[in-house]
Amino acid sequence: MQAERRTAAEYGDLSVTSSPFRAGGSTAFRRPRDRTVPATFALAVLLAIPVLTGGFASGALPTVPGEPGGPGSGASAALAAAVHSLEAGAGPGAGRAVTCSLEFGQADCGSALVSGVPRSLIGPPSSANGSGWTNLTSTLNVSPPCRSSMGLAYDAQSGAVVLFDGLAGCAPNLPTAAQTDTWTFLNGTWTNRTANLTVTPSPRFMVAMAFDVSDGYLVLFGGLSASGISLNDTWIWSNLSWTHVKTTVAPSQRFQARMVYDAADGYLVLFGGSPTEGAASYLNDTWSYHAGSWTQIAVRNGVAPSPRRAAGIAYDPQMNAVVLFGGVDPNANALGDTWTYHNGTWTNLTSTLLAAPSPRWDFGMTYDAGVNAILLFGGCTSLGCYSMDGDTWAFANGTWTNLTAYLGTSPSPRGAISLAYSSESNLTVFFGGAAYNGRLADTWIYAATNLSGNGTGNGSGNGSGGGSGLPPPTVGGLLANATGWVNLTPALAPAPTCRSSMGMTYDVADSEVLLVDGIAGCSPWVSSTHSDTWTYANGSWTNITAGLAVTPSPRSQFGLSYDANDRTVVLFGGEAPNGTALGDTWQFSGGAWAEVNTSVAPSARFQYSMTYDAADGYVLLFGGVSAPGASTYLNDTWAFAGGNWTSVNVTHGVAPSARRAAGIEYDPAQGYVLLFGGVTPTAVALNDTWSYLNGSWTNLSRPTLAAPSARWDLRMVYDPAQGGVLLFGGCTSLGCFSGDGDTWFFVNGTWINGTNASAPAPSPRGAMGLAYDARDGYALLFAGAAYGGRLSDTWAYLAVPLGPGTSGSGNGSGSGSSGNGTGNSSGNGTGNSSGNGTGNGSGSPLSPSPPSPGSGTGSPGAGTGGLSPAKSAGPTVSPALAWMPNYWWMGGRIGFVLGLVVGAAVAIAAARARWGPRRGAKRETA
């Protein structure tokens, strides 16, 4: 392949011939699984909220927080628990403890293979607002030579970004050749691994490369050889070495195909590409790779993106779907359409988008957990890449946003690049690429310091910007610009009828909230038992009962939990319409119910507590009641995994006392199951707090610690946007004739009252449904029992990413221990003349240690927050909108003195942590 002026092979004007590829052998390579499950849960930073979510490493996917007791709740903070690194392969890298019970597949896990690597700081980003692109080239002692069209992907097994081959040559008009080297990038250092490799793939470029989370290794497929022949061989990178995988079936020869790990479906997805430059050869087939085997996917309804190559692809954990953008078609037209893929279905979102990047191909695209969004940079816009883009876009909550204007320094325009998000360092990396004047050899990172909540603390609350840089989403047709409850009921039709004590959870595999049965009737004096199944997705309820071949018998007061081991929703027992307790087990998967016959199972019961225990890798069931009467209350503990129940012998301490209707949820931030409250056999409401991990219950209650008041039939769910467990409502009298309507959060091991009496909220109630809807990005609450009868309203609890802004000024001090202030998404924020300051923290998202507290003083007056990209100037921040206690930096309205005290306390704590040693209505709830 000879000279070209911008390498025709890279961009669309190379004529090559194809030849058959002979795939030999039939033995698929599969890496042995390591089934150890450490207790530590690695966390990834969420956009504009200083929240970390657990990662996963070889052979494992993130696990799903499950449901509260009674009718279990949001089995999902699916994505809270760990999906934020999926594009990169997800998960902690070398030397870090991992928790990986697989949210979407088998409960497998493995430790990183490289250990003892120091976690050095690369340095904070240099852009004006502390977030954006930083050029590391001048700080590197060793770097790969100029190239473009290389393979680049994050290897979660080793914690490093891997670079493979590509087109060589710095000058645009020199003869081109494929590189023949393999590099890794870790802790700010490039390392050439080539000399230590006994075997490597043949020289090539334009490969498809991605980390296979379920199998625990990085996969490379196809590409274009040095002689211009398209390839379809499969290789894996594991243990810092290459291995050829011989498969009996594989996609056809191709280059510039795109591949990404689909966490919701549990396999690598490969799409499109081209075997030659001829128009008829462009492809739009979809393939999956799992456990060493390729399978072509027959897409539903026959709809897929048009044939193309060099598109962008990334997995979006907020939508629970693969996102594909752009590419180039057989007629050399740049494309600008946006698609999602989930469970065999492609969906075209283009017509629903208000904005999108301009048409392009050969750009970089990856999910970046630091900004909680898909990042897109660069790309080609003409044949030969004679013109190219240098803009940066983010895709979050189903919306594209141009971030370019909000960034300081940016890389020069270029194409033929790949972006790789490193969860090891919490940043996106790319190297080189093709520009008009030649190929490049620079290394860039995109890091979100302020956007992820590190580095700047707000003194007394008002006037500080530093939001997500993304516009807020709409929910039920409403634009929400503050944290809190939003009533979705007016926008929903149809919706389930009045009920309480239903089962409700998030079904990760099908990306929807599942609601089942419950006690029917709006009047408190009339009741029956529902026998229906509903789903909630994309802001709509759907009754799927008519399409089900078999369903569980009518029941109420049972739990649902998503079982990550089997990728199904689990239902156990409950109360039959005649008041008897049930003890059957059911699973819901792929839109169908099936009964599970087990030789051992918990005794028949209802109002038990059940959730998915991600740290231990099984569904956990505790307590409940088998019949009326004190002697029937239970406090036994059971585990469900692989379709079997096992009684858990509590290994240390004692279990919580016998009770029913306690709240339960897995807290990925703490790495354990959290249980709260319930009611005793003598009808005494409880407010004790317990944790469960690895067969051991621990009482966390302390007389001096704040906690919700005593209650039962409350609901809890992990909310990743808050970084903690959300608790709402509960019953305080027999029959739930009186109930609570308060909102609490369990964050960092502490209960925080998040109730705002002046803001909208669901009315007091118990026995409601609550689930974290990971597809739509909010906690979803439905119905429940109240004094006036059963309800049928639907609410969302939002913690919306706010727009970007600058810090306000004024007199005061603040703690910068974990975050910046809150910019108003609908406009600007103004400083408070009575005392408002910003504290500059010293932390960086690249450092494993927390940032130190910051303090600052400014002149009296006001500072103006920046505008959200989607809005013009708007109202100032008001206390009514920012009611959520600012527990991350403890500034806000408490004032300047308390800010100083908290700042000092945080500094002391950080120092110690770092340097110190280490039958109806009559018995819904009563």
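## Exercises on aromatic rings and a buried tyrosine

Trp133, Phe377, Phe430 and Tyr446 are linked into a cluster by ring pairs, a pair being rings of Phe, Tyr and Trp (its six-membered ring) whose centres lie within 6.5 Å, with planes under 30 degrees apart counted as stacked, over 60 as edge-to-face and the rest as tilted. The model is predicted, and its local features need pLDDT of at least 70, while side-chain atom pairs count only at pLDDT 80 or more. Residues are numbered from 1 along each chain, and side-chain values use heavy atoms.

**Exercise 1.** Determine how the aromatic pair of Phe572 and Trp645 is arranged.

*Solution.* The ring centres lie 5.4 Å apart and the planes make 65 degrees, which places the pair in the edge-to-face class. Phe572 belongs to strand β42 and Trp645 to strand β48, 73 residues apart, strands being DSSP runs (E, at least two residues) numbered from the N terminus. Phe572 is buried, with a relative accessible area of 0%, and Trp645 is buried at 4%, where buried means under 20% relative accessible area (1.4 Å probe, protein chains only).

**Exercise 2.** Describe the surroundings of Tyr633.

*Solution.* Start with its location, which is strand β47 (residues 633–641); because its relative accessibility is 13%, Tyr633 counts as buried. Next, leaving out residues up to four places away in sequence, list what Tyr633 touches, including Val625, Ala658, Arg660 and Val679, contact meaning heavy atoms within 4.5 Å. The C-alpha atoms of Tyr633 and Val679 are separated by 9.7 Å, although these residues are 46 apart along the chain.

Notes: Helix = DSSP H or I, 4+ residues; strand = E, 2+ residues; numbered from the N terminus. Buried < 20%, exposed > 50% of the residue type's maximum accessible area, 1.4 Å probe, protein only.
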